[in-house]
Amino acid sequence: MTESGIVVKTLGHIGGTATCSRRKVCTRCNQPYGDTDSGVHGDTEFRRFVAATCTAGGYTGNIYCKDCGVRTKPGNATSTLGHDYINRITKEPTTENEGIWIYTCSRCGHSYTEGIPRLPEGTHHHSYTELVTKQPTYTDIRVRTYTYSCGDSYTKTIAALGHHYQGSEIRKPTTTAEGIMLDSKKV
């Protein structure tokens, strides 16, 4: 191209990145140019992912190009997780009966039980601790709990404290009239 006798060369296209499905886009004119590049994949996704479980291995999944469908990276097998058991006693052993442990997997819920042997005769003694588990009031009962060293427990209720008055009567109550008391205090 000439302008006043001077030749000005075209600038040409620059920039951009070609992918498997798109040509480069010029950063000067915003027009596509050149060829696609089958080795560059822009939009990818995982396929065939399998989560590992307590009893079976998993698979990380393959990476595929969403534009051309080519597998760009293979996945890997993963190990089984194994059970994560939490145990608790559901029945304490006594001299007469076996106890029971229950084991439950925190991941999948699988569970199983095991027996706890009976306690030997003559070695199991009930020694208990005493604790007032509900304090008494003037109108409410109180509760005392006795807990044995083996885990057994029982409770006893104890009567409410009740009200007691102290003072001097001026007039005693009758069946038809109230009485009068001075300086009455609850004790």
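**A tour of the salt bridges**

The structure holds 3 salt bridges, each defined as a side-chain nitrogen of Lys or Arg within 4 Å of a carboxyl oxygen of Asp or Glu. The model is predicted: local features need pLDDT of at least 70 and side-chain atom pairs count only at pLDDT 80 or more, while totals for chains, interfaces and linings use all residues. Residues are numbered from 1 along each chain as its sequence is written, and side-chain values use heavy atoms, with hydrogens and water left out.

Select Arg22 and Asp67 to begin; their side chains form a salt bridge at 3.8 Å, N to O. Arg22 sits in the loop between β2 (6-7) and β3 (24-25) and Asp67 in the loop between β7 (62-65) and β8 (71-73), so the pair ties together parts that are 45 residues apart in sequence. Strands here are DSSP runs (E, at least two residues), numbered from the N terminus. Arg22 is partly exposed at 44% relative accessible area, and Asp67 is partly exposed at 33%; the term covers values between buried (under 20%) and exposed (over 50%), with a 1.4 Å probe and protein chains only.

Next, select Arg47 and Glu45, whose side chains meet in a salt bridge at 2.8 Å, N to O. Arg47 is partly exposed at 31%, and Glu45 is partly exposed at 28%.

Finally, select Asp84 and Arg107, which are joined by a salt bridge at 3.8 Å, N to O. Asp84 lies in the loop between β9 (77-78) and β10 (85-91) and Arg107 in the loop between β11 (99-105) and β12 (111-116), so this pair ties together parts 23 residues apart in sequence.

Conventions: Helices (H or I, at least four residues) and strands (E, at least two) are DSSP runs, numbered from the N terminus.
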